Amino acid sequence: MRLAALLAALRPVLPLVLGLSLGCSLSLLRASWSQSGGEDQCLGGIGRPGPLAGGVRPEAADGRLGPGHEDFRPRIVPYYRDPNKPYKKVLRTRYIQTELGFHERLFVAVLTSKATLNTLAVAVNKTVAHHFSRLLYFTGLRSAKVPHGMVLVAHGDERPIWLMYETMNYIHQHFGSDYDWFYIMQDDTYAQAEQVKAMVTHLSINQDVYLGRAEEFIGGDEQARYCHGGFGYLISRSLLLKLHPHLDSCRNEILSVRPDEWLGRCIIDFLGITCVSQLQGQNYHTYELAKNTEPEKEEEEEFQAALAVHPVSDVTLMYRLHKHFSRIQLDRAYQEIQDLQMQIRNLTSLTPSGEVGLTWPVGINAPFLPKSRFEVISWDYFTEQHLFSCPDGSPKCELSGASKADVSEIIESALEQLNSRYQPLLRFSKRQLLNGYRRFDPTRGMEYMLDLLLEAVTQKGHSHVLAKRVSLVRPLSKVEIIPMPYVTEATRVQLVLPLTVQDLDFVANFLDMFAMNTLDTHDNALLTLLFIYHPYDAQRVNQVDVFAGVKAMVGELEKRYAEVKIPWISVKTAVPSQVKLMDIVSKKHPVDTLFFLASVWTEINMEFLNRCRMNTISNWQVFFPVHFQEFNPALVYRGEQTASSSTDFLRDGHFDRHSFAEACFYNSDYMTARTKLAADILDRDEVLESMEVFDVFLHYSGLHLFRAVEPGLVQKYALRSCNPRLSEELYHRCVLSNLEGLASRSHLAMALFEQEQANST
């Protein structure tokens, strides 16, 4: 009994004891083998250790790897700065891709001519330009008018060989260090852009690649082939870098009529690389079009799989080819979606949640689940004529524009899906949309619920009217990174602050924040004050200057910071139009000045100034931030202690979407848009009183208008003075800004409740 009890007690720890014993025995046995192996001379002679099996070299006595293994262990390179050279601050980029030296994937060059620039080249631009991140057109002579949306490089000579030589030089000089692949095609070639992009993603970038339709030279070596220029060809970056030093020799020594033959002969003679049509499992499929070809009727497998088609004789044929191949890609995408949905259905039963976890539609993210009542996404109600959640806040508005097209498309899609599911037994036709609901789910896309009054017709001709509810989802499409011009944080920001008599109480706080966040930190920012005198105050400026106190504050700042100068400009007007004021400031600054049009209630900080620099791009984009407006503390706290503005300021305010007073833009962009405005209004200065700088850029420039909430741009509460002499829209926006800036609904409700309680007692 005692032995059985002892075994029962030791049974849980018995595996542990056996494991420890076995481990100790094996370690002792291994140690004895290692000691005896030190005397074995099979590894090499005495004092000369040879390589191990498989070619692995033993470590040296000091622990370092032998020769040939320098790349397998990281080495720390010590930093050394020459004391004789002046220290220069290194500007770090904000993008990892730039700092690590990554390259873009594909650059496309289209060879065109003056005769076909406005025909075939435009057709190429409309069919493939939106698929490639960078596409340039190269020609010998340019026409008088360049088509819109095309970047053209003219070399000044129509000779084909000269055009090819200059094009290769230009590509190497401007883009040789930025891209991994270079695709060269002619304007009479139709190329499937998505297929070209997919091909380069499957090719290794560390090889010399010359890929296209391989053609034999007339009377030349059978092994030497060049890539036919009519079907396009792909060149790797490494090949371009090796080829560039020999281009001048090729131009002087190689005689040819065709530019593609000349380039192929140059690559073969100096680099020994011939054109191939297949590489690393990727085939460059091409198809040569015959005369009077009907793309819709071509059923050859070679044509369906073609990556490039040549020759394209006219513009209409180019568009027909694009339509045909777009349909093939669309059908292929739908088939892939169906295959993926079937795989998801088959695998769902093996997941922990089972078929219950299968989302609808299959493969689309599940609907967003709110964690509180504040996160619930509301549904917008609509009919075929009206929308009951309008952008301006009105309860009902007419359904028009993009919203009307969206509703029409959704109804047509619902009918199409119903007919495809129930035909040929039933055929549905719409009588009326009874109710419509839609909402935007950020995790999946736009969702719809439609109550449709339908007429169902059977195969025998019997009809019946029924109401049916359908649910649809317009999923979010593929997210793409839009290439933007490179900007840095080193740009100087010129702050412009308009001041009126009503703003005098807030100037001191603005100047204090400006000095603390920019002058003390030596930020690259300057300030210009714009004193707006009323005509009555301007007549009495010699006796009583209403801005004398502000000028004294500026003088104190200039004494405190000896290297800082804060200029001011005096303007006399009864209607301080933002555009008129900006006209005055614009003429007094260089064209490359980056303006930040501020307001006196703004608290300037370095975080926002950096975003102003990064979000404003010359000749590309202007930035209109939506500042954060704090609520009236008298209504929010009602005599209690004000919360600190460090962590709780977002709880005690809102983003003022009615204000367009703050703006970041370059002077050159403003001058360009202002010139177009002047030609439109024809010296009618009264029109400027109804406009802001935002309206100028919106209607008279082709730039991107970036408007986003800016948590770094905070304004204290203040009751703005709305000028009734401005336009009705500007005055209305100012009043709405004041009303919405009082407090939140809960704070206003509590204030009314306390007021009613006080009145009742």
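This is a predicted model: local features need pLDDT of at least 70, side-chain atom pairs count only at pLDDT 80 or more; totals for chains, interfaces and linings use all residues.
Reader: How many cavities of 30 Å³ or more does the count come to?
Author: Residues are numbered from 1 along each chain as its sequence is written, and side-chain values use heavy atoms, leaving out hydrogens and water. A cavity is a set of points, on a 1 Å grid over the protein atoms alone, where a 1.4 Å probe fits but cannot get out. By this rule, the cavities of 30 Å³ or more number three.

Reader: What volume does the largest cavity have?
Author: Its lining (residues with an atom within 4 Å of a point) includes Q629, Y717 and R720. Taking volume as the space filled by probe spheres set on grid points joined across faces, edges and corners, the largest cavity comes to about 50 Å³.

Reader: And which element supplies the largest share of the lining of the second largest cavity?
Author: That cavity has a volume of about 40 Å³, and L111, M164 and Y233 are among the residues lining it. Two elements (DSSP runs numbered from the N terminus: helices, H or I, at least four residues; strands, E, at least two) each give at least two lining residues, namely β6 (179-186) and α9 (259-271). The largest share, three residues, comes from β6.

Reader: Which element gives the largest share of the lining of the second largest pocket?
Author: A pocket is an open set of points with protein on both sides within 12 Å along at least five of seven lines, and this one has a volume of about 1,400 Å³. Of its 30 lining residues, Q341, P361, S413, Q417 and V473 are the closest to its centre. Elements giving two or more residues are α11 (315-348), α12 (401-422) and β21 (463-475). The largest share, ten residues, comes from α12.

Reader: How far apart are the end C-alpha atoms of α12?
Author: The expected span is 1.5 Å times one less than the number of residues. For the 22 residues of α12 that makes 32 Å, so the helix agrees with its end-to-end distance of 32 Å.

Reader: Which strands do the buried residues of α12 pack against?
Author: Buried means under 20% relative accessible area, with exposed over 50% and partly exposed in between (1.4 Å probe, protein chains only). In α12, the buried residues include V407, I410, A414 and L418. With contact meaning heavy atoms within 4.5 Å, their partners are β16 (380-382), β19 (426-441), β20 (445-458) and β21.
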